[in-house]
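Open the structure and keep the sequence beside it. We will walk through charged pairs and a nonpolar patch.

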Amino acid sequence: INSTKTDIPTLFCEEHHKILDLFCNACEDIVCSECIIFGAHQRHPCQKITDAVGKAELSLKSSLNELDRLYTEQRAYLDELKDSVNKINEEHQQSCEELEEEFEKMHQALEIKKSNILNQLSLTSQRKENELNQE
């Protein structure tokens, strides 16, 4: 491995000792020109490494953009779900409070009715007792 001015290592083919400057599309491997002409990669489609890197960068950028879009979409969906859960919880709380209020009103009404009936019963009992005592 040698290094160029830009600190990018130069790789050499172990078989032919030539610079690995091509990309075999069939094998998805870097190769030298001898590998393509005479070696195991004959008749395989190939391209310059710089072209392959450029295409890979474009593909990665496209994938990253798609992932960003999906993340943003999912984040918005999650926020909507959280809002829905909060709304459901608030409605539940409000319903419970309304139920408690209605139950309390009914309880008070029953207590008043009970008190009235007990008073009437007491009055009736006293009246009958008075009638018996007068006889």
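What follows is a short tour of salt bridges and one surface patch in a predicted model.

Start with helix α2. This helix covers residues 49–134. Find Glu 66 and Arg 69 there, both within helix α2. They sit three residues apart, about one turn of the helix. Their side chains form a salt bridge, and the closest N and O atoms are 2.6 Å apart. A salt bridge here needs a Lys or Arg side-chain nitrogen within 4 Å of a carboxyl oxygen of Asp or Glu, so the Arg 69 and Glu 66 pair at 2.6 Å qualifies.

Are these two side chains buried, exposed or in between? Arg 69 has 39% relative accessibility, so it counts as partly exposed. Glu 66 has 36% and is also partly exposed.

Glu 73 joins in, and Glu 66, Arg 69 and Glu 73 are linked in a network of salt bridges.

Now move along to Glu 102 and Lys 105. Their side chains meet in a salt bridge, with 3.6 Å from N to O. Why are they about one helical turn from each other? Because Lys 105 and Glu 102 are three residues apart in helix α2. Glu 102 is partly exposed, at a relative accessible area of 42%.

Next come Arg 127 and Glu 131. Here the N to O distance of the salt bridge is 3.7 Å. These residues are four apart in helix α2, so about one helical turn separates Arg 127 from Glu 131. Arg 127 has a relative accessible area of 46%, which makes this residue partly exposed. Glu 131 is partly exposed too, at 39% relative accessibility.

How many salt bridges does the rule give? The count comes to four.

Tyr 77 is part of a nonpolar patch on the surface, together with Leu 78 and Leu 81. The three residues have about 270 Å² of accessible area together. Why does Tyr 77 count as partly exposed? Because its relative accessibility is 47%. Patch residues need over 30% relative accessible area and no salt bridge, so Tyr 77, at 47%, clears that area cut-off.

How values were computed: Residues are numbered from 1 along each chain as its sequence is written. This is a predicted model: local features need pLDDT of at least 70, side-chain atom pairs count only at pLDDT 80 or more; totals for chains, interfaces and linings use all residues. Side-chain values use heavy atoms; hydrogens and water are left out. Patches are made of residues with over 30% relative accessible area and no salt bridge: like charges are joined within 9 Å, nonpolar side chains (Val, Leu, Ile, Met, Phe, Trp, Tyr) within 5 Å. Accessible areas come from the Shrake-Rupley method with a 1.4 Å probe; for residues, only the protein chains shown count as cover. Helices (H or I, at least four residues) and strands (E, at least two) are DSSP runs, numbered from the N terminus. Buried means under 20% relative accessible area, exposed over 50%, partly exposed in between (1.4 Å probe, protein chains only).
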